[in-house]
Amino acid sequence: MAKQKNIVELEDVVVKFVGDSGDGMQLTGTLFSDTAALAGNDLATFPDFPAEIRAPQNTVAGVSGFQVHLGQRKIFTSGDLCDVLVAMNPASLKANLKWAKPGATIIVDESAFEEKFIEKAGYKTNPLEDGSLNNYHMIKAPISVLTKEALANVEIDKKMAEKTKNMFVLGMMYFLFQRNLDKTLDFILKKFQNKPEVVQANQVALKAGYNYAETVEAIVSTIKVGAAPMQKGRYRSITGNIATAWGLLAASERSGRPLFLGSYPITPATEILMELSRHKSLGAKVFQAEDEIAGICSAIGASFSGSMAVTTTSGPGLSLKSEAMGLAVITELPLVIVNVQRAGPSTGMPTKSEQSDLFQALFGRNGEAPMIVIAASSPANCFHYAYMAAKLSMEHMTPVILLTDGHMGFGSELLKIPKVAEMPAINPPLAKPRDPDFKPYRRDAETLARKWAIPGTEGLRHRIGGLEKTNIDGNVSTDPLNHELMVNIREDKVMRVANYIPEQEVMGDDSGDLLVVGWGGTEGMLKSAVGQMQKAGHKVSLAQFNYIMPLPKNTAEVFSRFKRIIVCELNKGQFVNYLRMTLPEFKYLQHNKVQGLPFHVTELTQVFIKLLEEK
Amino acid sequence: MLDKSIEKSPVQLTKEDFASDQMVKWCPGCGGHAILAAVENVFPRIGYKKENFTIISGIGCSSRFPYYVNTYGFHGIHGRASAIASGVKIANPGQSVWVATGDGDSMAIGGNHFIHIIRRNIDVNILLFNNQIYGLTKGQFSPTTPMGQVTKTSPQGTIEHPFITAGLVMGAQGTFFARVPDNNVKLMTEVLYEAAKHDGTSVVEILENCIIFNDKAHADVTSRAKRDENQLILKHGEPMVYGKDNEWGIILKGTGLYAVKIGVGGITEKDILVHDQFNPDPGIHRMLGRMTGPDYPVAMGVIRSARAFTYDDKVEEQIEYAKNNSKVQCVDDLLNSGDTWEI
């Protein structure tokens, strides 16, 4: 009979599952998260895997991880350091111990700590025995051995039996968090419906893990994370890349313009290409091009032809697309360029995240080639900003760059499911057949957008291209004053978008000692850090920007009400220098990090406190 | 066959329907003028509505073409015409899409897009103005400049093996390849009509004279004095004969083609190869495409026109199938698919 365990109630918990690339940690983490979401927790997840598909087994290079932050309050990030670490082998422990809080609970598969694996991981002595883990709450379980024993009566080969150890450990976690097994049992049943022996093995392993955790003495208490107060509605979990793809599909449906994606696979943006490929039933045409340049050029062709055109990429791909982006600017065609940023320069660190493509997005083209630049700031709001990028692009007849990042793209959050009919309307300025007044560069007086005249439409034959054109008539021209006029119009057109985007919001009081400024994917970390500062009584607020070019109209007003401004970003200071150039009347402090890692909340609060103490 | 998915004009159009109001700024004597004339001849004959033609180009002298024809037109960037045209055709299959490009635009800076549009067999017609030189940048060698030619960037002669356009196109699994000299507008018009009828990517190589930077580059083949002896004008189903009095012919012997004089050494008309442009096997087509002087005539006309499904048709087919078979019929369906829950 198991002893009655204590219950520890926590507001939020960070859990990290780590193991070898082939250990199924991504699936384990996802199932754990889905069950938590069903129990009413708010949550954010982040997978952390190597760039190599299957790096050598049992080495630090081959470690794959999945982190989830769940809470009975609103969760903004996938968490800094973890409270619970599940490590399936010595290498994964070695690689991740630094991400565990002091005193964290660590569950290890003791049976994987054989001498050769310990050595391969780079340990001199067995960490389970040398006292180096004394400051943690260790739960050492011979998981592989126990799984095999549990499956003694299941007709299944040894290799398959071994693979179910992730279900065993998931079962242990379900006991630890007092979760219901039904959802996962049901998942297993559906996933392996044609292989009854595999269903049985996985289900048996899951239950065995749960029962083992209940009896083992090392687990003295269970963890309770209650339901978070959430807006009523229907929810789902979604990653940033999927949300981006769906936001684009929604914009296509709402605008009545068929979606065309021209793209070339590149980490961490490939998932958007794969996802859109699956939705031909919504009319999406997806062209996997021969290279990045063909990706954007085919999209420009499709846009000329009347499609809602998109190209998706990451930093190196954006570099290759530069010339064509200028073509979209001068032809004044709608085009959404999604850049899922990663750590650069060059190939850099493909699976690690950074915000270092902002300058490239703003300025990386020949000539005066301004573009709308928007940044999503969480996995779920990629849906909204992808939608807005498409809307602004079509309504203003100019290309838009949407910046997300690898962290956001791979990370997931809960999305309150919107209704497409309730999203803002999209009205592309289509030219009417036989319009006697049609001219390629005749413009709307308010937006300066030209009309979109789609090939096939009667009476609208016209030519556009990369050579400078006369305003209105659209004939090739090298007239000096016309060129200056067109340069100014193209810029003005982009700047006028400020009349169509929301004002900048501030989290916290709209005046105070310190305004923290961020943009894009750092939102969760900055919100958490500023929230903590506010709770502690500091006069600190946060302005997190999604609209970068143009900036919201009230930006200067927001800045003027704070004694000091600090701009925090995951680069060497690109947004801060853009602000220095755009709004030079303010003094900006900056905090930067370029490690391919997100900010940590504690690191941010330390910076802010130090700043406030300086006076 | 002409494309049934492209709407036909209810009235017979004429050359004037496609005349542009823009001044044609090619040099006097440039081969481009003849190509323009042939296109203006053939578009009314093809018979699609005048709004259903789109011309795409890259950069170079050839690529000013869209400005000179009154259709929907797009003047792109260097080398990318094929990529832009791919997007135009896939997005809007109701358009008859034409690309105007040069030897540098298509086979140097745009080589990748050129081979891939051909491989995919997207229904686009490519007019390849091959003048064997870079004209707009004033006289540097191109990927088709003959080995050893002195140009502004090869003062001692080029040291590069040139591309043979036909070889590249067929190497990329091209389904249609034709070649015409720029001084035979009648043949060019016929060939362009054949290209329009072809389902898939058609490449028409036009041996174009650049009067300023590479004058008479093709004169051995195209000049009035030499053309009868040095051009084999292919016609489907007819023997491959040439010469002023059709006294020469092509035979297949062993694994190669040979140019022979009929009546000499026992050769009769029966020995002469008959052209089959529709043969799916590109073997003979490749050999015809590579023929060059002094031992051979240069093959003109439609060398290859093989049937294969087109990429753009398959796109429509897959979308149709998905629409009829998927549970996801709108984005709301998608948002509510899979795991969702009420709070």
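Which residue in strand 2 of chain B does A:Ile464 stand opposite? The legends below start with that spot. This is a predicted model, in which local features need pLDDT of at least 70, side-chain atom pairs count only at pLDDT 80 or more, and totals for chains, interfaces and linings use all residues. Residues are numbered from 1 along each chain as its sequence is written, while chains are lettered from A and ligands numbered from 1 in the order in which they are written.

**View 1. A strand pairing joins chain A and chain B.** Here A:Ile464 stands opposite B:Phe74 in strand 2 of chain B. Strand 17 of chain A and strand 2 (residues 72-75) of chain B pair in the parallel sense, over three bridges. Helices (H or I, at least four residues) and strands (E, at least two) are DSSP runs, numbered from the N terminus, and two strands pair if DSSP finds at least two bridges between them.

**View 2. The side of chain A that touches chain B.** In this view 56 residues of chain A are in contact with 51 residues of chain B; contact is counted if the C-beta atoms of two residues, placed from the backbone, lie within 7 Å. Among the elements that each supply at least two residues to this side are helix 1 (25-38), helix 9 (240-255), helix 12 (315-331) and strand 17 (463-465) of chain A. Helix 11 of chain A gives the most, with nine residues. By class, this side of chain A has 25 nonpolar, 17 polar and 14 charged residues. Ala, Val, Leu, Ile, Met, Phe, Trp, Tyr, Cys and Pro count as nonpolar, Asp, Glu, Lys and Arg as charged, and the others, Gly among them, as polar.

**View 3. An open sheet of seven strands in chain A.** Follow the strands in the order 11-10-12-13-15-14-20, with mixed pairing. Strand 11 and strand 20 (547-549) of chain A are the edge strands, each pairing on one side only. From one strand to the next the twist averages 20°; axes are lines fitted to C-alpha atoms, for helices over the stretch in contact, and angles run from 0 to 180 degrees between N-to-C directions. Helix 11 of chain A packs on the sheet, touching strand 10, strand 11, strand 12 (308-313) and strand 13 (335-341) of chain A. The direction of helix 11 makes about 170° with that of strand 12 of chain A. Within the sheet, strand 14 (residues 372-375) and strand 15 (residues 399-405) of chain A run parallel, joined by four bridges, and A:Ala375 stands opposite A:Leu403.

View 4. Look for A:Pro550 in the loop between strand 20 and helix 18 (555-560) of chain A.

**View 5. Positive phi at A:Met397 and A:Ile472.** A:Met397 is not a glycine, yet its phi is about 50°; its place is in the loop between helix 14 (382-396) and strand 15 of chain A. A:Met397 counts as buried because it has 24 C-beta neighbours inside 10 Å. Phi of A:Ile472 is near 70°, in the loop between strand 17 and helix 16 (480-495) of chain A. With 12 C-beta neighbours inside 10 Å, A:Ile472 counts as exposed. A residue is buried if 20 or more other C-beta atoms, placed from the backbone, lie within 10 Å of its own, exposed if 12 or fewer, and partly exposed in between.
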